[in-house]
Amino acid sequence: MDACMQEPTVTRGPRTVFDELLEEGLGASGRDDVAGALGAWRAAARERPDSALPHFLIGAELAQAARIEEAEAAYANAVLLAPEFETASYQLGLLQYTSGRAPAAMVTWQPLRDLQPEHPIRAFIKGFA
């Protein structure tokens with residue numbers, strides 16, 4: 001997995017209920033079982049309320065299902081829980097941008113403009129701007 005896609009607080013250790021719920025959701029998503037994926041990731045969010053990752057995955061699933069307002073709320077939750085989770089910020093802004101709300105996307109992406117000049121996310125944002 002690309003470093004910018006990893007939640008900053010992920011640690012290695014014994015498998016937990018949280019890990020199992022994340023995997024269950026990924027499996028359901030891979031089978032196009034939106035309800036199953038969302039259910040597993042919402043349970044993961046309850047299991048670890050401090051983790052941005054379930055909210056990010058929920059946002060991605062909802063965006064794929066064209067449930068844009070719900071996806072935006074889920075991505076926003078991920079960003080609020082982990083402002084350093086660059087991919088979550090980028091995806092939130094991308095959803096806003098592609099929904100015809102470019103000014104909101106530019107505000108969302110503002111912190112990402114401070115990334116290193118060679119960072120790919122910064123290059124994408126520059127392209128949209």
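This is a predicted model: local features need pLDDT of at least 70, side-chain atom pairs count only at pLDDT 80 or more; totals for chains, interfaces and linings use all residues.
What pattern does the protein chain follow when read along the sequence? Read in that direction, the chain runs α-α-α-α-α-α-α, and its secondary structure comes to 7 helices and 0 strands.

**The whole chain**

Begin with the protein chain as a whole, coloured by secondary structure. Of its 129 residues, buried ones make up 40%, and the chain exposes about 7400 Å², with 56% of that supplied by carbon and sulfur atoms. Among contacts between residues at least 6 apart in sequence, 44% join residues at least 24 apart.

**Helix H2 and Glu47**

Next, select residues 34-47, which form helix H2, and pick out Glu47 within them. Glu47 counts as partly exposed because its relative accessibility is 43%. Leaving aside residues up to four places away in sequence, Glu47 touches Val17, Phe18 and Leu21. If you draw a distance from the C-alpha of Glu47 to that of Val17, it comes to 7.6 Å, although the two residues are 30 apart in sequence.

**Helix H3 and Glu61**

Move on to residues 53-64, helix H3, where Glu61 is found. Glu61 is buried yet has no salt bridge, and the nearest side chain of opposite charge, that of Arg67, is 8.2 Å away. Showing the surroundings of Glu61 brings up Ser29, Val34, Ala37, Leu38 and Trp41, which Glu61 touches when residues up to four places away in sequence are not counted.

**The second largest pocket**

Glu61 also belongs to the lining of the second largest pocket, as do Ser29, Asp32, Val34, Tyr75, Gln91 and Leu95, among others. The elements that give two or more residues to this lining are H3 and helix H5, residues 86-98, and H3 gives the most, with 4 residues. About 180 Å³ of space lies in this pocket.

**Two loop residues with positive phi**

Now select Asp32, one of the residues that line the second largest pocket, in the loop between helix H1 (17-30) and H2. Asp32 is not a glycine, yet its phi is positive, at about 60°. Is Asp32 buried or exposed? Asp32 is exposed, because its relative accessible area is 68%.

Then go to Ala66, in the loop between H3 and helix H4 (68-81). Phi of Ala66 is near 60°, again a positive value in a residue other than glycine. Ala66 is exposed, because its relative accessible area is 57%.

**Salt bridges**

How many salt bridges does the structure hold? There are 4, and three of them can be visited here in turn.

Select Arg15 and Glu23, whose closest N and O atoms are 2.7 Å apart in a salt bridge. Arg15 is partly exposed at 48% relative accessibility, and Glu23 is partly exposed at 46%.

Arg67 is partly exposed, with a relative accessible area of 31%, and Glu70 is partly exposed at 38%.

End the tour with Glu72 and Arg101, whose side chains meet in a salt bridge at 2.8 Å, N to O. This pair links distant parts of the chain, since Glu72 is in helix H4 and Arg101 is in the loop between H5 and helix H6 (102-109), 29 residues apart. Glu72 counts as buried because its relative accessibility is 17%, under the 20% cut-off, whereas Arg101 is partly exposed at 34%.

Definitions and conventions. Residues are numbered from 1 along each chain as its sequence is written. Side-chain values use heavy atoms; hydrogens and water are left out. Buried means under 20% relative accessible area, exposed over 50%, partly exposed in between (1.4 Å probe, protein chains only). Contact means heavy atoms within 4.5 Å. Accessible areas come from the Shrake-Rupley method with a 1.4 Å probe; for residues, only the protein chains shown count as cover. Lys and Arg count as positive and Asp and Glu as negative; His and the chain ends are not counted. On a 1 Å grid over the protein atoms alone, a cavity is a set of points where a 1.4 Å probe fits but cannot get out, and a pocket is an open set with protein on both sides within 12 Å along at least five of seven lines; lining residues have an atom within 4 Å of a point. Grid points are joined across faces, edges and corners, and a volume is the space filled by probe spheres set on the points.
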